Amino acid sequence: MTDMLLQQLLNCITLGSIYALIALGFSLLFGMLNIIHFSHGDVSLLSPFLALGAVQALGTALGAAPGGMSFFLILVGAIVLTGVIGLLLDALVIQRFRDAPVMMALVATVALGIVLRELIRHLFPNGSNPHSFPRFITGTLDVFGFPVPIFNAAVILVSILSVGGLFLLLNRTRLGLQIRAVSHDREAARLMSINPSRIFRVTFFIASAIGAIGGLFFSSYASVVRFDFSVEVGLIGFSAAVVGGLGSMPGAIVGSLLIAVLDTFVQAVVPHGASYRLVFVFSLVIGILIFRPSGLFGKTIVEKV
Amino acid sequence: MAASNHIETAAAGAGTGAVGIALVIAVELIGAAFLRQFLLVEDWRIIVGMLGVFCAALYVLQSRPALENRIAEAFSEHRRLATLLGAVIVLMFPFVLEQSTYALHLCVLSLLYATLALALNFQLGSANIPNFATGASYGIGAYASALLAVNLGVSFWLALPVAGLVATIFGFLLGLPSMRTRESYLALVTIAFGVVVHQLLNNLEFTGGPNGLVGIPAPELFGHNFASPLVVFGYSLPSQANFYYLSALLVLIAILFADRLHNSRVGLAWNALRADELAARCQGINTTWYKVLAFAVDAFLAGFAGTIYAFYVGFISPDNFTFLVSVTIMTMVIAGGMDNILGVIVGAVLLTLLPEKLRAFSDYRILFFGVTVIAFLMIRPQGIFPQRLRRYGG
């Protein structure tokens with residue numbers, strides 16, 4: 001019984017960590033820089049396809065599937081490439097809606113998400129079908145007599161490192177100071193000789209790369225990936241960021257864990273829970289936003305006339 | 001001297017009057033002819049060519065605002081003529097479609113989407129409230145009426161108002177969180193609502209699960225079954241024509257509704273909300289009430305459209321009412337022109353026909369749709385027909 005409970009708890013935290021990696025990007029873009037980017041989920045889930053494509057291409061080129069170190073390098077490459085794609089999307093499309101009404105950016109990025117998904121479907125071999133994705137780290141650790149798969153431990157560790165790194169970056173470095181300056185007042189930042197466009201691009205790279213890590217972990221955790229998984233992942237990531245309070249990094253993590261706990265709990269306890277899980281998750285989102293309109297850790301907006 | 005001046009201006013006025021009348025007639029007839037051709041044409045090269053012509057026309061309007069203003073002026077001067085001619089064109093349209101059931105079907109869909117887009121326009125256009133749940137209200141209306149008809153044998157004419165009412169109640173419920181949340185947060189609440197509704201429809205027993213509901217009977221009016229061909233003066237139209245006139249009537253009601261609301265205190269209050277919510281509140285506008293009202297009105301019209309859709313197709317499933325449907329409706333409003341009734345309708349017709357007419361690219365049409373939307377928002381961000389300043393008095 002205790003083992004079962006611990007197992008569920010571990011799954012919760014793992015899933016929560018994966019959602020948090022996606023939610024962080026939303027929080028960074030929406031909350032800090034006030035950019036509406038609804039296709040962040042789709043950008044994040046590009047990475048497993050990039051990795052799979054590279055593995056297949058290398059496999060045919062070398063005659064054997066790459067393993068070990070080279071596989072790890074492919075993953076890193078996929079993460080960096082996804083970051084670059086996020087940056088390019090900003091330069092090509094999203095940038096133009098920066099000063100437009102919010103609704104324009106909303107619809108444009110939703111459409112951008114559709115385009116990304118369709119591109120995967122058409123450009124990837126057999127893009128409409130699900131593709132199995134390997135669990136790239138195997139083996140178990142023994143923690144006080146309780147077996148913990150190294151994969152889960154790695155997911156949790158990487159998430160903690162990403163969050164910590166992001167926190168340090170934002171609060172301890174010159175770049176972080178610049179990002180915060182731009183998020184406060186773009187014009188004033190420009191007067192301090194900060195180039196806001198450069199800051200936007202850097203932030204897009206960071207958000208997309210962290211999202212890409214989340215995308216890789218997600219497909220590996222589910223051991224399968226399909227072009228339209230990004231809809232649900234994106235919505236849940238966005239929900240987690242909003243529930244936690246946009247712009248708040250701890251909020252994004254708490255929101256993700258909350259959603260993951262409910263998700264796992266519903267699947268374990270409620271009859272037919274697997275098909276009703278989204279109903280519960282999004283009811284929770286609505287419920288929290290009714291009582292805390294700016295999320296759990298969001299700043300209360302004070303308006304001045 | 002003064003008298004001759006007066007006569008000159010009067011003559012000039014009469015001259016522009018005649019030009020105005022000609023302009024109104026030409027614009028409406030060319031528009032109708034273009035739409036008819038677009039509906040009937042099959043060759044994808046001609047379709048792409050026609051789209052090119054449409055884009056060129058938009059480009060001309062964009063680069064010559066004087067021409068755009070002239071047309072708009074002519075329409076507002078000869079309002080009665082424009083309305084009358086428009087009504088005649090809508091009434092006669094099914095007769096020029098060469099008995100093509102597919103073209104008529106597309107017309108019905110366009111009209112239903114026009115209603116949905118007008119419904120969303122109350123929120124998005126007038127009050128700038130993001131609502132990603134119009135598709136859900138549409139679904140609630142469709143399911144409510146279909147369940148009544150299939151399980152209890154309720155007729156279409158009774159199911160219609162009941163479904164509208166049910167959708168409105170849900171709209172009110174959805175409006176409640178809107179009292180406190182705003183912008184991205186509010187957008188998420190509506191998205192979440194849409195997902196919850198879709199998932200419930202997909203999983204509950206009595207809604208038929210993913211298979212949906214089948215066997216919804218066609219409506220009857222004065223002994224005339226809507227599934228049978230419509231005979232007018234010995235000329236037989238396909239059965240779709242029944243629903244064409246029904247949904248045209250619905251769009252007409254929606255237009256009247258929208259026009260009356262736009263010119264009333266309610267419309268003004270919504271516009272004030274859009275301009276500055278805080279300032280509106282300081283002027284004594286009950287912002288909460290007007291926000292919730294916008295949700296209810298949207299849901300009411302969407303419920304009506306859903307009912308007609310359910311009885312028209314005779315079969316509904318949860319996949320007809322997904323998040324993507326809401327996004328499409330939203331795109332129609334934005335691409336057409338926010339808070340501009342005509343623009344919203346044109347946007348709805350265009351975006352309904354576009355994916356259907358691009359079937360030649362079968363697999364690629366969703367991709368094409370996405371690219372078109374983005375390109376459109378980048379090239380003409382104010383929409384096909386931009387929102388106009390309010391005019392008062394004469």
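Burial is defined here by relative accessible area, with residues under 20% counted as buried, those over 50% as exposed and those in between as partly exposed (1.4 Å probe, protein chains only). The structure is a predicted model, in which local features need pLDDT of at least 70 and side-chain atom pairs count only at pLDDT 80 or more, whereas totals for chains, interfaces and linings use all residues. Residues are numbered from 1 along each chain as its sequence is written, chains are lettered from A and ligands numbered from 1 in the order in which they are written, and side-chain values use heavy atoms, with hydrogens and water left out.

In chain A, A:Thr14 belongs to helix H1, where helices (H or I, at least four residues) and strands (E, at least two) are DSSP runs numbered from the N terminus. With a relative accessibility of 0%, A:Thr14 is classed as buried. Contact is taken to mean heavy atoms within 4.5 Å. When residues up to four places away in sequence are not counted, A:Thr14 touches A:Asn152, A:Val155, A:Ile156 and A:Tyr221.

Helix H1 of chain A (residues 2-32) also packs against helix H10 of chain A (residues 229-244), their axes coming within 8 Å and crossing at roughly 65°. Such axes are lines fitted to C-alpha atoms, for helices over the stretch in contact, and the angles run from 0 to 180 degrees between N-to-C directions. H1(A) and H10(A) form a right-handed crossing; a crossing is right-handed if the near helix is turned clockwise from the far one by less than a right angle, and left-handed if anticlockwise. From H1(A), the contact draws on A:Tyr19, A:Ile22, A:Ala23, A:Phe26, A:Ser27 and A:Phe30, and from H10(A) on A:Val233, A:Gly234, A:Ile236, A:Gly237, A:Phe238, A:Ala240 and A:Ala241. By class, the residues joining H1(A) to H10(A) comprise 10 nonpolar, three polar and no charged. In this scheme Ala, Val, Leu, Ile, Met, Phe, Trp, Tyr, Cys and Pro count as nonpolar, Asp, Glu, Lys and Arg as charged, and the others, Gly among them, as polar.

The crossing of H3(A) and H9(A) is right-handed. H3(A) contributes A:Ser47, A:Pro48 and A:Ala51 to the contact, while H9(A) contributes A:Ala212, A:Gly215, A:Leu216 and A:Ser219. The contact of H3(A) with H9(A) contains four nonpolar, three polar and no charged residues.

A:Ser193, with phi of about 60°, lies in the loop between helix H8 (186-191) and helix H9 (196-222) of chain A. A:Ser193 is exposed, its relative accessible area being 67%. A:Ser223, with phi near 55°, is placed in the loop between H9 and strand E4 (224-225) of chain A. A relative accessible area of 38% makes A:Ser223 partly exposed.

Chain B is divided into domain 1 (1-96) and domain 2 (99-379), with bounds that come from an automatic or database domain assignment. The C-alpha centres of the two domains of chain B are 28 Å apart. Their contact involves 18 residues from domain 1 and 21 residues from domain 2 of chain B.

Helix H5 (residues 101-127) and helix H14 (residues 341-357) of chain B have axes that come within 8 Å and cross at roughly 135°. H5(B) and H14(B) are therefore oblique to each other, and the crossing is right-handed. By class, the contact of H5(B) with H14(B) includes 13 nonpolar, three polar and two charged residues.

Two buried residues of chain B were also examined. B:Ser326, in helix H13 (residues 323-336) of chain B, is buried at a relative accessible area of 2%. The C-alpha atom of B:Ser326 is separated by 7.6 Å from that of B:Ala136, 190 residues apart along the chain. B:Leu358, in the loop between H14 and helix H15 (365-379) of chain B, is likewise buried, at 2% relative accessibility. Between the C-alpha atoms of B:Leu358 and B:Val48, 310 residues apart along the chain, the separation is 8.6 Å.

Conventions. Parallel < 35°, antiparallel > 145°, perpendicular 65-115°, else oblique.
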